[in-house]
Amino acid sequence: MLYFAYGSNLSTVRLTQRVPSSRLVASGRLGRHRLVFHKIGRDGSAKCDAWYTGRRQDYTLGAVYRIDPCHRHLLDAAEGLGNGYEIRNIGIVTDSGSLMDAFLYTATAIDRKRKPCHWYKEHVLRGMREHGFPDQYLAMVEAVEATVDADSARTAKELRMYTLPDIIDKA
């Protein structure tokens, strides 16, 4: 099954920790949608949404991953399916110009006044850089105001996946 990631799951490191079977298939574009940070997360901060605008000039960039259907429940749980996100089937135009059918999570619990935590925004930006998104698209996300998570242990846990194993100290 094909999943379109556009937010924090763009980071292959993050997604494979959540869903071990995930494999990158292609990068692509979802037309008439705009990336926004307005989904109410379980921690109270804002998370990403591919918000349908209907406007031709709007698009959301993302990555299509193949996941084993037996691991779908892991992704559903990580994303909070039924608790702020629902699933939609969509068509993605890949960077090579082909059309792919995939599913994505779209927000149902929205508050436009919320801000993402710095660690969440970092997941998103790392994924965008990993997939070579254009500078202007990255600049749009970099301009989003973020907050410091009051839970410093959660921040450390979220960002730990990007550090190399501590093998130097063991040598």
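A search of the whole structure, which is a predicted model, finds zero disulfides. Cys48 takes part in no disulfide, and the nearest cysteine sulfur, that of Cys117, is 12 Å away. Because a disulfide requires sulfur atoms within 2.5 Å, the sulfur of Cys117, at 12 Å from that of Cys48, is too far for a bond. Cys48 is buried, with a relative accessible area of 0%, and Cys117 also counts as buried, at 5%.

| Residue | Relative accessibility | Class |
|---|---|---|
| Cys48 | 0% | buried |
| Cys117 | 5% | buried |
| Arg32 | 33% | partly exposed |

**Nonpolar core**

The largest nonpolar core comprises 40 residues, and Phe4, Tyr6, Leu75 and Met128 have the most contacts inside it. Strand 7 (residues 99-107) supplies the largest share of this core, six residues. The surroundings of Tyr6 can be listed in detail: not counting residues up to four places away in sequence, Tyr6 touches Leu35, Cys48, Asp49, Ala50, Thr60, Leu61, Gly62, Tyr85, Leu104, Tyr105 and Thr106. Cys48, buried at 0% relative accessible area, is thus among the residues that Tyr6 touches.

**Helix 3 and its surroundings**

Helix 3 spans residues 118-130. Its 13 residues reach 18 Å from the first C-alpha to the last, close to the 18 Å expected at 1.5 Å a residue. Within this helix, Trp119, Tyr120, Lys121, His123, Val124, Leu125, Gly127 and Met128 are buried. Met128 is also one of the residues with the most contacts inside the largest nonpolar core. The cover over the buried residues of helix 3 includes helix 1 (12-18), strand 3 (33-40), strand 4 (46-52), helix 4 (135-142) and helix 5 (152-160).

Two residues with positive phi deserve mention. Arg32 has a positive phi of about 65 degrees although it is not a glycine. Most residues other than glycine have a negative phi. Arg32 lies in the loop between strand 2 (23-31) and strand 3, and at 33% relative accessibility Arg32 counts as partly exposed.

Key
Residues numbered from 1 in each chain as written. Predicted model: local features only at pLDDT ≥ 70, side-chain atom pairs only at ≥ 80, totals over all residues. Heavy atoms only, no water. Helix = DSSP H or I, 4+ residues; strand = E, 2+ residues; numbered from the N terminus. Expected span 1.5 Å × (residues − 1). Buried < 20%, exposed > 50% of the residue type's maximum accessible area, 1.4 Å probe, protein only. Contact = heavy atoms within 4.5 Å. Core = buried A, V, L, I, M, F, W, Y, C linked by side-chain atoms within 4.5 Å.
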